[in-house]
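Hello,

I am passing a structure on to you, with some notes on what turned up in it. Please have a look at it before you read on.

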Amino acid sequence: MALLQFMCSVTPLARAARSRAIIVSSSRTAVTVPTTTTITKTKISPPDSNVLLGMSEEQLQQLALDFGQQSYRGKQLHHLLYKRRVKDVQEFSQVPLAFRTELQEAGWVVGRSSVHSSATSTDGTIKLLIKLEDNRLVETVGIPVTDDKGSVRLTACVSSQVGCPLRCSFCATGKGGFARNLKAHEIVEQVLAIEEVFNNRVTNVVFMGMGEPMLNLKEVLAAHRCLNKDVQIGQRMMTISTVGVPNTIKKLASHKLQSTLALSLHAPNQKLREKIVPSAKAYPLEAIMKDCRDYFHETSRRVSFEYTLLAGVNDDVEHAKELAELLHQWGPGYHVNLIPFNPIDGTEYKRPYRKAINMFQSMLESRKITVSVRQTRGLDASAACGQLRNKFQKVPLAAPSNDDIQPEPELEPEPEAAVAC
């Protein structure tokens, strides 16, 4: 009898913790764990931590059920996270106080970080330095463009890693070192932070900030799903960039996304590419081009080739001819985006003169290659392509002690900070 009374007194929190453990366990093994608790199956895997941001509406409904609530409470959580953008569980005023308290006691958090600092360019571009839970800083950039009709296109250039391990010779991010991959919610929150600063909807997302997205593909895909389904940004309005990581383009193609793949090429041949991009030694140009061709056939989505123009290195008209031959060799469906080099410290590279850029562009166009020249944005805020870097991406901000609270250290001037977009 005592045992029966104990079983009947189990709280919703305890039931949630027990069923939560069963969900996590089942995601890591093929063994079926028998249980009397009925769990609604969803197509989305459960999150790795107790962070609400990044969860789908189905996952949030299941979470509500796990806590003994009605499933509609999960829909309310979804609305609070993605429509009202509430940042703290106790501010979920639409759900019962008891439910909020149980969520907090179980360790659930929204997962939003604070903005440590920002820099604004004269062209309206804003770079945000977001302070993560471990006191490292990651950079994201909002780029507004107003068309002739007055409509604003707001692009969020988001980071996928804290720093970058690939160390491309022209990019500041790799020179600052690498700390870790970002979680999906840490990517999603960059877009939300930009929307809050601009008080406007983000229309486009480019995974071109700090880091190599393909080295963090699981979290990038989870963030992509959330931005598309929950934040409601169209897949065709998102671009995933890569310098090339073996086997990952095939993996990305298998998901059949309707987003653009942008490959950072930067050279028309293997020898020159290895000089500019050291990691190219592990991924020959022929293999990359084959994977890009297969990606186009698999997804019917055009591949964009990013080509940073470095004066006297890869900007000659002969390089343009060679690039055109390379692209024609591997078939249709390609676009070249020329990026004039943006200056950073620690490199001897120079930005080409406008005449050299125009000649390179004209040579490609004369050979029937679709080409565009990226407009430089955010240069005076160290927010231009290739400039994202800060001193706290490798070593975290020092946490103040209880005995001697000090203001957070200010960022050093960032002559070489930049965006990879």
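Let me start with a helix, α13: its buried residues pack against β10 (303–309), α12 (317–329), β11 and β12 (371–373), where contact means heavy atoms within 4.5 Å. Helices (H or I, at least four residues) and strands (E, at least two) are DSSP runs, numbered from the N terminus. Buried means under 20% relative accessible area, with a 1.4 Å probe and protein chains only.

Before going further: this is a predicted model, in which local features need pLDDT of at least 70 and side-chain atom pairs count only at pLDDT 80 or more, while totals for chains, interfaces and linings use all residues. Residues are numbered from 1 along each chain as its sequence is written, and side-chain values use heavy atoms, leaving out hydrogens and water.

Which residues of α13 are buried? They are I357, F360, Q361, M363 and L364. These residues lie on the same side of α13, because they cover an arc of only 160° around the axis (taken from the directions from the helix axis to the C-beta atoms). After α13 comes K368, with a positive phi near 65°.

The loop between β11 (334–340) and α13 (354–366) holds N342. N342 counts as buried because its relative accessibility is 3%. The side chain of N342 makes a polar contact of 3.0 Å with that of R351; such a contact is a pair of N or O atoms within 3.5 Å, one able to donate a hydrogen and the other to accept it, and residues adjacent in sequence count only if both atoms are side-chain atoms.

Best wishes

Methods: Buried means under 20% relative accessible area, exposed over 50%, partly exposed in between (1.4 Å probe, protein chains only).
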